[in-house]
Amino acid sequence: MRTPSTPLRAASVLCLALLAGPVVAGPAAAGPLTSPGTTRQLADVIPAPLQTYADAGAGYRLAPDTVIRTQSGSPEIRRIGEYLAGVLRPATGYRLPVVPAAHPRQPGISLLLGGADRRVGAGGYQLDVGRSGITIRATEPAGLFAGVQTLRQLLPAEIESPRPQRRSWAVPGGRIVDQPRFAYRGAMLDLARHFHTPDEVRSYIDLIAQYKINYLHLHLTDDQGWRIQIDSWPELTTRGGGPGTGVDGVGPGFLTKADYAALTAYAASRYVTVVPEIDMPGHTNAAQSTYAELNCDGVAPPPRTDIAVGYSSLCIGSEITYDFVEDVIRELAAITPGPYLHIGGDEAHATTDEDYRTFMTRVIPLVAKYGKRAFGWNEIAKVAEDPSVVAQYWGTGTSNPDLVAAAQRGNKVVMSPANKSYLDMKYDSSTPLGLSWAGFIEVRDAYDWDPATRVPGVGEESILGVEAPLWSETLRTGDDIEFMAFPRLPAIAELGWSAAAHHDWDSFRQRLATQAPRWSRQNVNFYRSPQVPWVS
Ligand code: TNX
């Protein structure tokens, strides 16, 4: 195991001593971000790190003989090392062998568990850059993975090139001590309105993981399509997800259980946990048009390919409904490694309030019965007596008495206000894709809000985290997804990770500007917002 060079150690200790006490310095404290993209500094990262201590004399340069050293005896940390090597090899052309940490001294990058500053907590990391190497330390593997993403952004943008580049690979010297503000930093894809293939989802996972997003919510069912195989109701996918399904009838497809298992495993390899959603008791036309017995009158309605909402409802008084729901929850829980199962509950306008309560009162315990914790859109707060239920706020306003009452009962809340974090809203009136029912959302709108003060009465201690949902009524391809998500997804990611004290639009837009050359090399189709001074 190698430790950071002595000068860095001494300098950091000095900085730490000078900064003694709970002083939280933001990116600004490490100096203004001069000439974005040309002079990289430790704080020039999204999301903004908790604390940086620059040591100008101590930078490290990757070299042909650099090795990646990982915690001895940990196959998981070794896999993170392999992931890092996979990121760095194409552009550098270096071998970057992944070796046990005990390997003889050789310049390199070390990934180690333990020994980090206490402030890193469970999900954070400490990154030290000295003349002879880089060391990332964390308490959990997820923290090391987060540190790896930071390291990636500290390298020149050319590191994202798929082919070897002739240039030097310098990392600025110093120390970063970083920690997430919220445990849940989510993104959502809607596979129901238009199916997105497993490859498209994997590519999105790779992109969001760069910004320390650690949950991917998959909206798997809706009026226009059913996208997850359920063995006990096989036609849900063959018909409900088959040809002609999706908005305008052009978004067919579904995940087999094997596809889903492979996706959740891929996500886990990027420290992303999948949260599957079965939306009910509304948004259920795909199921009800497939199985007539799910309708109160026993008649299957025609499939729908329009984008209306709020017209469908499962039959609340029928026992078959609960057989169906239990089968679906049981089968989905069995293939879901993560702790959460989302049961939707939004826009159930065709369900009476009393029926909604009856339904949710029966269904919420089914989620627990199969070992998962229920998540629901904020309407669930009206009925969630069980404090383990997570409510996802999607309103556009700043007041919601049901949500406040739920928070007081102890329910946790994920913040995804539609007029701030909905990535399917147009940027402005000229955006070719997207909807605008919650307004236009430019980058600054997506960034300039605080999850812990958005709804007074739902404060920091009630917030599990944030999410950026991307509904796909108007989206078909991976390019479409990227255009709506970038650059707003990194804005939501920063709200989820970075300390509130670091919230600073001017700093954010400068740092965002330097992501452009990375996205270009990654072939990301992003929106060049006029609010950002893009670096070409
Ligand atoms: C509202 S937000 C919905 C979705 C739509 C979305 C479009 C929410 C919980 N429901 O059904 O796809 O708006 O922006």
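Reader: Where is Arg 175 placed?
Author: Arg 175 sits in strand 9, which covers residues 174–178. This is a predicted model.

Reader: Is Arg 175 buried or exposed?
Author: Buried: its relative accessible area is 8%, and the cut-off for buried is under 20%.

Reader: Which side chain does it pair with in a polar contact?
Author: Asp 128. The side chains of Arg 175 and Asp 128 are joined by a polar contact of 2.6 Å.

Reader: Before I go on, what is the average pLDDT of the chain?
Author: The average is 93, and 93% of the residues score at least 70.

Reader: Where does pLDDT stay under 50?
Author: Over residues 1–38. The model has 62 contacts beyond four places in sequence for that stretch. Where pLDDT is low, the predicted coordinates should not be read in detail.

Reader: What is the distance from the side chain of Glu 473 to an oxygen atom of the ligand?
Author: An N or O atom in the Glu 473 side chain is 2.5 Å from a ligand oxygen atom.

Reader: And which residues put a polar side-chain atom by a nitrogen atom of the ligand?
Author: Asp 346 has a polar side-chain atom 2.9 Å from a ligand nitrogen. For Glu 347, the distance from a polar side-chain atom to a ligand nitrogen is 3.2 Å.

Reader: How much of the ligand does the protein bury?
Author: The protein buries 97% of the 370 Å² that the ligand exposes when taken alone.

Reader: Change of topic: the largest nonpolar core. How many residues, and which have the most contacts inside it?
Author: It has 151 residues, and Tyr 204 and Leu 489 have the most contacts inside it. Helix 2, residues 75–92, supplies the largest share of this core, eight residues.

Reader: What does Leu 489 touch?
Author: Setting aside residues up to four places away in sequence, Leu 489 touches Ala 187, Tyr 204, Ile 208, Tyr 211, Ile 213, Leu 423 and Ala 468.

Reader: How many residues of helix 14 are buried?
Author: 10 of its 10 residues, so by the under 20% cut-off the helix, residues 488–497, is mostly covered. Among the buried ones are Arg 488, Leu 489, Glu 494 and Trp 497.

Reader: Back to Ile 213. Where is it, and is it buried or exposed?
Author: Ile 213 is in the loop between helix 4 (198–209) and strand 11 (215–219). With a relative accessible area of 3%, Ile 213 is buried.

Reader: What is it in contact with?
Author: Leaving out neighbours within four places in sequence, the contacts of Ile 213 are Arg 185, Gly 186, Ala 187, Ile 208, Tyr 271, Val 272, Leu 489 and Ala 493.

Reader: Tyr 271 is on that list. What is its phi?
Author: Tyr 271 has a positive phi of about 55 degrees, although it is not a glycine. Most residues other than glycine have a negative phi, and most peptide bonds are trans. Tyr 271 is placed in the loop between helix 6 (257–269) and strand 14.

Reader: What about the phi of His 283?
Author: Positive, about 60 degrees, and His 283 is not a glycine either. His 283 lies in the loop between strand 14 and helix 7, and is buried at 3% relative accessible area.

Reader: Where are there cis peptide bonds?
Author: One joins Ile 46 and Pro 47, with omega about -5 degrees. Another runs from Met 280 to Pro 281, with omega near 5 degrees. Pro 281 is found in the loop between strand 14 (273–277) and helix 7 (285–290).

Reader: Last one: Thr 351. What is it in contact with?
Author: Apart from neighbours within four places in sequence, Thr 351 is in contact with Pro 281, Ser 313, Ile 316 and Tyr 356. The side chains of Thr 351 and Ser 313 make a polar contact of 2.8 Å. Thr 351 counts as buried, at 8% relative accessibility.

How values were computed. Residues numbered from 1 in each chain as written. Predicted model: local features only at pLDDT ≥ 70, side-chain atom pairs only at ≥ 80, totals over all residues. Heavy atoms only, no water. Core = buried A, V, L, I, M, F, W, Y, C linked by side-chain atoms within 4.5 Å. Buried < 20%, exposed > 50% of the residue type's maximum accessible area, 1.4 Å probe, protein only. Helix = DSSP H or I, 4+ residues; strand = E, 2+ residues; numbered from the N terminus. Contact = heavy atoms within 4.5 Å. pLDDT = per-residue confidence, 0-100. Polar contact = N/O pair within 3.5 Å; in protein donor to acceptor, adjacent residues only side chain to side chain. Areas by Shrake-Rupley, 256 points an atom, 1.4 Å probe, with all protein chains shown as cover.
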